[in-house]
Amino acid sequence: MNYKATKDGRYLLSLPNHCEISTALSEFCEEHGILSGIVGGIAAINGATFRFLDPATKQYVDKTFAEQMEVTCLTGNISRKDGKPYLHIHVTASRRDYSCIGGHLLTANVNGACELFVEDYGLEGVGRRFDTETGLNLYDFK
Ligand code: FE
């Protein structure tokens, strides 16, 4: 992972070509002891799987898009769940015809550049708990 850090826990990242963004970011958080914070950035990808939660059924619907896209906005947060980094990331990506798709990010494969920032808030006690009303893993602050 190519990165540069400030003295107060902010990072600029250039992810390797052909890596999977969620996995690479989780590994980066683990390696740098980042327990909570935010992440954002842009990328070029050649495939992604997004997730949609249907509030009526509380069932996840996953959909994979296997095509070259520009990630016009990646935004999300970092917390902890079950002793591991928990990333909650949403993505909007533009297609070859300039239309956009997006959603809750499961995976995305870099094909080109992936330039991100991570801000480590240095906060402990930022976890997740399953909420039965929404079917979501909501923030759980201790
Ligand atoms: Fe989400």
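Which residues is Ser79 in contact with, leaving aside its neighbours within four places in sequence? In this predicted model, the list is Leu35, Lys84, Pro85, Tyr86, Val126, Gly127, Arg128 and Tyr139.

**Ser79 and its surroundings**

Ser79 sits in strand β5, which covers residues 69–81. Ser79 is buried, at 0% relative accessible area. Its side chain makes a polar contact with the side chain of Arg128, at 3.0 Å. Arg128 is also one of the residues listed as contacts of Ser79.

Val126, Gly127 and Arg128, among the contacts of Ser79, fall in strand β8, which spans residues 126–131. Tyr139, another contact of Ser79, falls in strand β9, residues 136–141. β8 and β9 pair in the antiparallel sense, over 6 bridges. Arg129 has Leu138 of β9 as its bridge partner. The hairpin has 4 residues between the strands. Gly135 in this hairpin takes a positive phi near 80°.

**The iron site**

Three histidines are the protein donors of the iron ion: His88 through NE2, His90 through NE2 and His104 through ND1. They lie 2.1 to 2.2 Å from the iron ion. Along the chain, the donors follow the spacing H-x1-H-x13-H. His88 lies in strand β6 (residues 84–94) and His104 in strand β7 (residues 100–120), so this pair ties together parts that are 16 residues apart in sequence. How accessible is His88, in relative terms? His88 is partly exposed, at 25% relative accessibility. His104 is also partly exposed, with a relative accessible area of 22%.

**Cysteines**

How many disulfides does a search of the whole structure find? The search finds 0. A disulfide is a covalent bond between the sulfur atoms of two cysteines. The cut-off for calling one is 2.5 Å between the sulfur atoms.

| Cysteine | Closest cysteine sulfur | Sulfur distance |
|---|---|---|
| Cys100 | Cys73 | 10 Å |
| Cys114 | Cys19 | 6.3 Å |

Cys100 is partly exposed, at 46% relative accessibility, whereas Cys114 is buried, at 1% relative accessible area.

Conventions. Residues are numbered from 1 along each chain as its sequence is written. This is a predicted model: local features need pLDDT of at least 70, side-chain atom pairs count only at pLDDT 80 or more; totals for chains, interfaces and linings use all residues. Side-chain values use heavy atoms; hydrogens and water are left out. Two strands pair if DSSP finds at least two bridges between them. Helices (H or I, at least four residues) and strands (E, at least two) are DSSP runs, numbered from the N terminus. Buried means under 20% relative accessible area, exposed over 50%, partly exposed in between (1.4 Å probe, protein chains only). A polar contact is a pair of N or O atoms within 3.5 Å; within protein, one must be able to donate a hydrogen and the other to accept it, and residues adjacent in sequence count only if both atoms are side-chain atoms. Contact means heavy atoms within 4.5 Å. Donors are N, O and S atoms within 2.8 Å of the metal (3.2 Å for Na, K and Ca); water is not among the atoms, so sites may look incomplete.
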